[in-house]
Amino acid sequence: MSVYLDHNATSPVRPAAAEAVMAALAGGGNPSSVHQSGRAARARVERARATIARSICARSEDLIFTSGGTESNNLSLHASKTLGCTRIILSQIEHDAVRAAAAASGLPTEEWPVDAHGRARLDWLRDRLAAAEAGERIAFALMAANNETGVIQPYAEAGRMIAEVEGGHLFLIDAVQMTGKANFDFAASFAQFAALSSHKAGGPQGVGALATACDAQVGALITGGGQEKGRRGGTENVAGVVGFAAAVSAIGDDETSRIASLRDRIERRLKAAAPEITIWGEGVERLPNTICLSAPGWPSEIQVIALDLAGFAVSAGSACSSGKVRKSHVLKAMGATDDEAGSALRVSLGWTTTEDDADAFCEAWLREYDRVRPKVAAAG
Ligand code: PLP
C-alpha cells in the first residue's frame with residue numbers, strides 16, 4: 001500500500017464527504033423543479049452553500065458554485081473585465097488557472113513580484129497603486145497560499161491597500177490551497193472574489209465555488225437556465241456541493257496542528273541528515289501541510305519515480321496536466337538556480353497522514369538520497 005503525500009494535488013475523499021455524496025445521489029431531484037423532490041434537492045444545495053460560506057466568513061448569497069478552482073478563477077477574471085477593469089496585475093507565483101485565464105482575457109497583464117521567501121511584495125504594490133493612471137482600473141490577482149511552497153501571502157494587507165486607494169480597482173484571491181487547510185476569512189480580505197475548490201479539502205473533484213462581494217452581475221462564463229442567479233448556468237452538481245460541504249465540516253479542530261507537527265518532524269529529520277537541502281519558504285508563514293525541498297543534483301522527476309517505486313506518492317511541485325515536469329516559475333521567481341528548481345520535490349500531508357507515514361517517508365527519502373549522494377557530490 002502506498003503512502004499518499006500529495007494532498008495539494010488532491011486530498012483523498014473524507015468518509016463523511018463520500019457518505020454525503022451517496023445520500024445526495026440517492027435523494028435525487030433537480031433543484032430547479034417545483035415538486036417535493038426538487039425542493040429537497042434545493043434544500044441540500046442551500047444547506048451546503050450556507051456551510052461553505054460560513055467556513056470562510058462570506059454570505060451564502062455571495063457564493064457561486066462552479067466545477068472547481070480553475071473555473072472559479074476563470075469566472076473572477078472574466079467578471080473583472082465585465083466590471084470595467086482595463087488591466088490585470090497578477091503575482092509571479094500564480095497557478096496556471098489564473099495565468100492562463102489572465103492571458104485569455106485579452107487585457108494587458110503585468111507581473112507583481114515576490115521576495116526571496118516567495119511573498120508578494122507590498123512595497124511594489126504601494127508604488128504601483130500610486131503610479132496608476134487616471135481611468136486605469138486594475139484587477140489585482142493574488143493567491144492566498146502557494147500550491148508548491150505553501151507560503152501564505154499577505155493577502156489581507158494587500159486587499160486593504162487596494163481598497164484604500166481610489167480608482168475602483170478589484171482584488172481577486174485564489175484561495176484554492178487554503179480550502180480545508182488553514183483559516184481563510186473572505187470578509188477580512190477586502191477582496192471582491194475568492195476561488196475555492198472541494199478536492200483540496202477532501203471533498204469530491206469537479207466542484208468548487210467563487211465567493212463574490214460584488215452584488216452586481218458578474219457576467220456568466222457559462223450561460224443557460226439561469227442557475228446560480230444567472231451567474232453560472234447548468235443544473236447544480238448537488239452531490240458534489242453536498243460532499244464539498246461535508247468535507248469542510250469534517251475538518252477536526254486539532255487537524256491543522258497535528259499536520260503541522262508532522263511537517264516539522266519531517267523537515268527536522270531530513271535537514272539533520274542532509275543539511276545541504278533547501279526548504280522553500282522556511283521561516284515564513286506557510287500552510288501546515290506543505291514541504292517544498294530542493295536537493296541539487298537529484299532531478300525532481302527521478303526523485304518522484306524513485307519514491308513512487310518505494311511506495312510514496314509525492315510530486316515534483318510543478319508538474320502540468322500532461323504529467324511533464326517543468327522548471328517551477330514559482331521557485332525561479334524566488335531566485336532559485338536552474339539546479340535548485342530542477343530538483344524540487346513537493347511533499348504535501350493531510351488528514352490521512354500518520355506519524356508512521358512521516359517516519360517511513362523520511363527513511364525512504366534518505367535511503368534513496370544516499371544512493372545518489374556520491375554522484376551528486378562528484379558532479380557538484
Ligand atoms: N489554484 C491553485 C492554487 C491550485 O493549486 C489549483 C489546483 O491544483 C487550482 C487553482 C485549480 O483547482 P481545480 O483543480 O479545482 O480546478
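The lining of the largest cavity divides into five nonpolar, six polar and four charged residues. For those classes, Ala, Val, Leu, Ile, Met, Phe, Trp, Tyr, Cys and Pro count as nonpolar, Asp, Glu, Lys and Arg as charged, and the others, Gly among them, as polar. Before going on: this is a predicted model, where local features need pLDDT of at least 70, side-chain atom pairs count only at pLDDT 80 or more, and totals for chains, interfaces and linings use all residues. Residues are numbered from 1 along each chain as its sequence is written, and side-chain values use heavy atoms, with hydrogens and water left out.

Back to that cavity. Its volume is about 110 Å³, and of its 15 lining residues, Gly180, Lys181, Glu255, Ile259 and Gly350 lie nearest the centre. The whole structure has two cavities of 30 Å³ or more. On a 1 Å grid over the protein atoms alone, a cavity is a set of points where a 1.4 Å probe fits but cannot get out; a pocket is an open set with protein on both sides within 12 Å along at least five of seven lines; lining residues have an atom within 4 Å of a point. Grid points are joined across faces, edges and corners, and a volume is the space filled by probe spheres set on the points.

Now the second largest pocket, which holds about 320 Å³ of space. It is lined by 15 residues, and Ser55, Gly180, Ala182, Asn183 and Ile251 are the closest to its centre. Helices α2 (36-55) and α7 (238-249) each supply at least two lining residues. Helices (H or I, at least four residues) and strands (E, at least two) are DSSP runs, numbered from the N terminus. By class, this lining has nine nonpolar, five polar and one charged residues.

Next, the cores. A nonpolar core is a set of buried Ala, Val, Leu, Ile, Met, Phe, Trp, Tyr and Cys residues joined through side-chain atoms within 4.5 Å. Buried means under 20% relative accessible area, exposed over 50%, and partly exposed in between (1.4 Å probe, protein chains only). The largest core has 50 residues, and Trp112, Phe140, Tyr155, Phe171, Ile173, Met178 and Phe184 touch the most other members. Helix α7 gives the most to this core, with nine residues. Apart from it lies another core, of 28 residues, including Ile277 and Trp298.

Which residues of helix α9 (residues 300-309) are buried? They are Ser300, Gln303, Ala306 and Leu307. The face turned away from the buried side carries exposed Ile305, Asp308 and Leu309. Just after α9, glycine 311 takes a positive phi of about 100°.

Last, single residues. Serine 197 is in strand β7 (residues 193-197) and counts as buried, at 1% relative accessibility. Leaving aside neighbours within four places in sequence, serine 197 is in contact (heavy atoms within 4.5 Å) with residues including Gly69, Val176 and Phe244.

Phenylalanine 190 has a positive phi, near 60°, and is not a glycine. It sits in the loop between β6 (170-174) and β7, partly exposed at 32%. Lysine 229 also has a positive phi, about 55°. Lysine 229 is in the loop between β8 (208-212) and α7, and is exposed at 52%.
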